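Reader: I would like to learn how to read the strands of a structure, and how to tell what surrounds them. Could you take me through an example slowly?

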Amino acid sequence: MKAIILAAGKGTRMGELTAAVPKPMLPVQGQPILEHIIKGLIGAGVDGICIITGWKAEVVESYFGDGSRWKIPIHYVRQLVQDGTGKAPELAKEFVRNDSFILTYGDILVPPRTYQDMVHRFEEGTFSGLLTVTEGEDVTKGGINFFDREFCLTRLVEKPSLGQIEALRTEGLLKDDDPVYYNAGIYIFKPILFEFTARLEKSPRDEYELTDAIQAMVEEGRTIAGHAITGRWVDVRDPQVLARLEQDSALGSGL
């Protein structure tokens, strides 16, 4: 299994912190965010990593090099046009070839065991993909997901408005006593994903969105397994989150 890390964005909400470095290279507990992710992926047994770079790409590329320091091949592809998460993985299509792959954003931190648990869940059945979720987040900032009794995806709604959430309640899909599953932004896919990203059209947000490809896969009968992340999940979205992570480090709480 291989891995693709999306690390092309500047991270504008970080302000001056990302003036000279991309957000995935900001330090957490003495290491770049990206290094924490790579170590977790290595622990899950991936045999090659492709990092999609963009803003200050040379900072990432010079730090990680060919991956020999971590004893794993690391490749790079630069995303020249920032047009959404749906097209970015296609840049690594030749790298992936016929292998399944973990896909993650370069600013999401989870316990290292998460990646191993994902691989185990993915290998339990004949799945075209796997989508991770977490609870307790504001789904209007990410996405809400619905699953069947086998915890396979039946529907997802990207960044639902309050009106859409109310409509989901009216439809009976969203019930007060049910958990609300937020898209955690880490996936596993078979290469068939690229058949669906190739067909994407821009969303109302004027982007090619990965979640649109995933929804299309479900609608065409492809089975996407769900996996609820246990333990801490952190989207390092702004300076306040970064500061809390450093404070927790000082307290010895770890990731």
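Author: Let us begin with pairing, where two strands count as paired if DSSP finds at least two bridges between them. Here strands E9 and E11 (residues 181-189) run antiparallel and are joined by 2 bridges, and Asn145 stands opposite Tyr181 in E11. This is a predicted model, in which local features need pLDDT of at least 70 and side-chain atom pairs count only at pLDDT 80 or more, while totals for chains, interfaces and linings use all residues. Residues are numbered from 1 along each chain as its sequence is written, and side-chain values use heavy atoms, with hydrogens and water left out.

Reader: What do the labels mean, and with which other strand does E9 pair over 5 bridges?

Author: Helices (H or I, at least four residues) and strands (E, at least two) are DSSP runs, numbered from the N terminus. Over 5 bridges, E9 pairs in the antiparallel sense with strand E10 (residues 153-158), where Leu153 faces Phe147 across the pair. The two strands make a hairpin with 5 residues between them, and Phe151 in the turn has a positive phi of about 55°.

Reader: Which residues of E9 are buried on each side?

Author: In a regular strand the side chains alternate between the two faces of the sheet. In E9, Gly143, Asn145 and Phe147 lie on one side and Ile144 and Phe146 on the other, and all are buried (under 20% relative accessible area, with exposed over 50% and partly exposed in between, for a 1.4 Å probe and protein chains only). Because 5 of the 5 residues of E9 (residues 143-147) are buried, this strand is largely enclosed by the rest of the structure.
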